[in-house]
Amino acid sequence: MDQEKIGKFIAECRKKKKLTQTDVANKLGVTDKSVSKWERGICFPDVSALIPLTEILDISLYDLFK
């Protein structure tokens, strides 16, 4: 699993939905700094945030991991 590639994909999907990092963070109950770290490939979202994240971004888990 390539964290950097997944992070770039998360950022791309977020921007397509015209959401800010803060928007995503607020919907997930995390900080915008966490979302930034995900998008830069520094860390990965907690497992409990994956389904809500895919729902916010309108993607599937398969899309996220492929």
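This is a predicted model: local features need pLDDT of at least 70, side-chain atom pairs count only at pLDDT 80 or more; totals for chains, interfaces and linings use all residues.
Phe44 counts as partly exposed, because its relative accessibility is 24%; the term covers values between buried, under 20% relative accessible area, and exposed, over 50%, with a 1.4 Å probe and protein chains only. Phe65, at 37% relative accessibility, also counts as partly exposed.

Residues are numbered from 1 along each chain as its sequence is written, and side-chain values use heavy atoms, without hydrogens and water.

The structure holds one aromatic pair, where pairing requires ring centres of Phe, Tyr or Trp (its six-membered ring) within 6.5 Å, and planes under 30 degrees apart count as stacked, over 60 as edge-to-face and the rest as tilted. Phe44 and Phe65 form this tilted pair, with 5.8 Å from centre to centre and 35° between the planes. Phe44 lies in the loop between H3 and H4 and Phe65 in helix H5 (residues 61-65), so the pair ties together parts 21 residues apart in sequence. Helices here are DSSP runs of H or I, at least four residues, numbered from the N terminus.

Let us turn to helix H2. Which residues of helix H2 (residues 21-28) are buried? They are Val24, Ala25 and Leu28. Seen down the axis of H2, these buried residues fall within an arc of 100°, taken from the directions from the helix axis to the C-beta atoms, so they line one face of the helix. On the other side of H2, Asn26 and Lys27 are exposed. Finally, Gly29 follows H2, and its phi is positive, near 75°.

Conventions
Helices (H or I, at least four residues) and strands (E, at least two) are DSSP runs, numbered from the N terminus.
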